[in-house]
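Here are my notes on the model, as numbered points. Please read them with the structure open.

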Amino acid sequence: MKRILGVALGILTAIGGFVDIGDLVTNAVVGSRFGLSLVWVVAVGVLGICLFANMSGRVAAASGRATFEVIRERLGPRAGLANLSASFLINLMTVTAEIGGIALALQLASSVYYLLWIPVAALAVWFVIWRVRFSIMENVTGLVGLTLIVFAVALFLLKPDWGALAGQLVPTVPGQETIWTYSYYAIALFGAAMTPYEVFFFSSGAVEEGWTVKDLLQERTNVLVGFPLGGLLSVAIAACATVVLLPAGISVTSLSQVVLPVAEGAGKLGLAVVLVGIVAATFGAALETTLSSGYTLAQFFGWSWGKFRRPAEAARFHLAMIICLLVGIAVLATGVDPVLVTEYSVVFSAIALPLTYLPILIVANDPEYMREHVNGRAVNALGMVYLVIILVASIAAIPLMIVTGAGS
Amino acid sequence: MRNTPVSAPAAKSRPRLAARLWMLAVTALAVLTACGGGTAESVSTAVKDSSSAVATARIALRQDMDGKLTRAATSTTLDDELKEVQTSRSSVLKLSPATPEDRDTQKQALDVLDQCAAGFATARAALSAGDGGTPSLADGDKALAGAQDALKQLGDKVGSK
């Protein structure tokens, strides 16, 4: 019974924790401009993150060590540094975007200017990382983040023409857009679904919670059930924007636009629920990205790390996270639009993907670490297909950014 | 196992070079993505962005009148969208039109964007005045509807060029 409850809790937190500011903004932007014609990218991204998160969790469970630590040891400092540079910069951008996201959601709830909320949000993130136990932190934010299901509820309450919506699922470039903007947002959506921090957090989290090979079934269930259901939440966000914003000629540029379809369908109650969900989702993601920054740095330099240790026993790990939060505050204090930071962070995520996922694939095939838990043939074949997709997305991202003026 | 990174003196210049290349690439990217087209194209983009902002504000006002949106959310939405209009106005203002025709287009665009800003001012005043105050939310919506019509006309005109 306890095991079943554990699996259910894992699935629920995986669903609630799947959506972050990148998914919220990118799916709403895409829904408002391209309708549901890019949903196939969400499906491709969700399958990819399931594949690599599962691989990463298996590495942690089989070796008892976090993926990045193994990559650093197995591939050497140079490959580790390339991986660290790419993932750490993206992490830092994502930390900034998530803190900005918390502040924007709190502004929507209170009308107090978001810049005033930024230090509060960052302080709260630091406090939770410093004081709250890993499992409580992960479960509470994941479960409260589940309230984002209100997007799906609002979609039903909006009573859309389901046939017309289903008709939009065919991948086509809408008349007012170009193939270049379509491709650019396809890459952004892919980057949002496959953000590198998710796998580093997932594998380091497995070590924090002391997973062993006995927990592999639970890990697999969490990933293979929780993430696809989380992906459905992303589709619901895009569908809400498609139903309410697209016909009005609105292109999403702010978080306030993202919540309008929910208010339209579910009124003030829906608005209250969605704001709680957005705060929980961005707060949870801010915790994960901040921790990921600490994990990657500590695992590369061989510092003592982990929330299972007292802060005094992992001082550099905690100091690194504090510095990351301060950098995030400093960037946001310049007045840069957090939504813009989010949009850039998901595209840069796509650029950095090969440096993150290739090493995971190599390590997951090393019997020295994995013993009998190395990748099977089917997983390797799918992994190779994804490496090609990731490489294409990574190479095309910057030229498309230039050609489309960052999607404008 | 505790790992320490290898540091060879010859390799020290590589990260520095990589950092410079990275900075150069980011700067080039920023410049290239900021580069725009001619007056008509820039005005067209400004009209499109402002139309989106005005349409958003009208939905927010309607939802507020229907009791679906809180005052805090309506106020934040209006602030966000006014910022969008101001950004568009600023980009049109910075244009350097070369022909009399382009100068005329720029002037018309600035007039219409000013009308949008005035519509937002009425809407925000209505929100501050509260229920039963003057101007009312309906007045704000009316002012924004006028701005939306003007934007549509300008958009059609610029688009036909």
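1. Start with a helix pair in chain A. Helix α3 (residues 39-63) of chain A packs against helix α16 (residues 377-404) of chain A at an angle of about 125 degrees, and their axes are 11 Å apart. Axes are lines fitted to C-alpha atoms, for helices over the stretch in contact, and angles run from 0 to 180 degrees between N-to-C directions. Helices (H or I, at least four residues) and strands (E, at least two) are DSSP runs, numbered from the N terminus. α3(A) and α16(A) are therefore oblique to each other. Here angles under 35 degrees count as roughly parallel, over 145 as roughly antiparallel, 65 to 115 as roughly perpendicular and the rest as oblique.

2. A word on the source. This is a predicted model: local features need pLDDT of at least 70, side-chain atom pairs count only at pLDDT 80 or more, and totals for chains, interfaces and linings use all residues. Residues are numbered from 1 along each chain as its sequence is written, while chains are lettered from A and ligands numbered from 1 in the order in which they are written.

3. Which residues of α3(A) and α16(A) meet? V44(A), G48(A) and L51(A) come from α3(A); L382(A), G383(A), Y386(A) and I389(A) come from α16(A). Contact is defined by C-beta atoms, placed from the backbone, within 7 Å. By class, this contact has 5 nonpolar, 2 polar and no charged residues. Ala, Val, Leu, Ile, Met, Phe, Trp, Tyr, Cys and Pro count as nonpolar, Asp, Glu, Lys and Arg as charged, and the others, Gly among them, as polar.

4. Now the chain A and chain B contact. Chain A puts in 31 residues and chain B 28 residues. On the side of chain A that touches chain B, α4 (67-110), α12 (255-301) and α16 each supply at least two residues. α12(A) gives the most, with 10 residues. That side of chain A divides into 14 nonpolar, 13 polar and 4 charged residues.

5. The largest nonpolar core has 178 residues. Such a core is a set of buried Ala, Val, Leu, Ile, Met, Phe, Trp, Tyr and Cys residues joined through C-beta atoms within 7 Å. Among the members that touch the most others are I99(A), F151(A) and V259(A). α12(A) gives the most to this core, with 23 residues. V259(A) touches L108(A), L271(A), V274(A), L275(A) and A73(B), not counting residues up to four places away in sequence.

6. Two backbone angles need a look. Most residues other than glycine have a negative phi. S111(A), in the loop between α4 and α5 (114-131) of chain A, has a positive phi near 65 degrees. R371(A), in the loop between α15 (367-370) and α16 of chain A, has a positive phi of about 50 degrees. Buried or exposed? S111(A) is partly exposed, with 16 other C-beta atoms within 10 Å; R371(A) is exposed, with 11. The cut-offs are 20 or more for buried, 12 or fewer for exposed, and partly exposed in between.

7. Chain B comes to 5 helices and 0 strands. Of its 161 residues, 37% count as buried. Helix α2 (residues 39-65) of chain B and helix α3 (residues 71-93) of chain B pack at an angle of about 165 degrees, with axes 9 Å apart. That makes α2(B) roughly antiparallel to α3(B). Their contact has 9 nonpolar, 7 polar and 4 charged residues.

Conventions. Contact = placed C-beta atoms within 7 Å.
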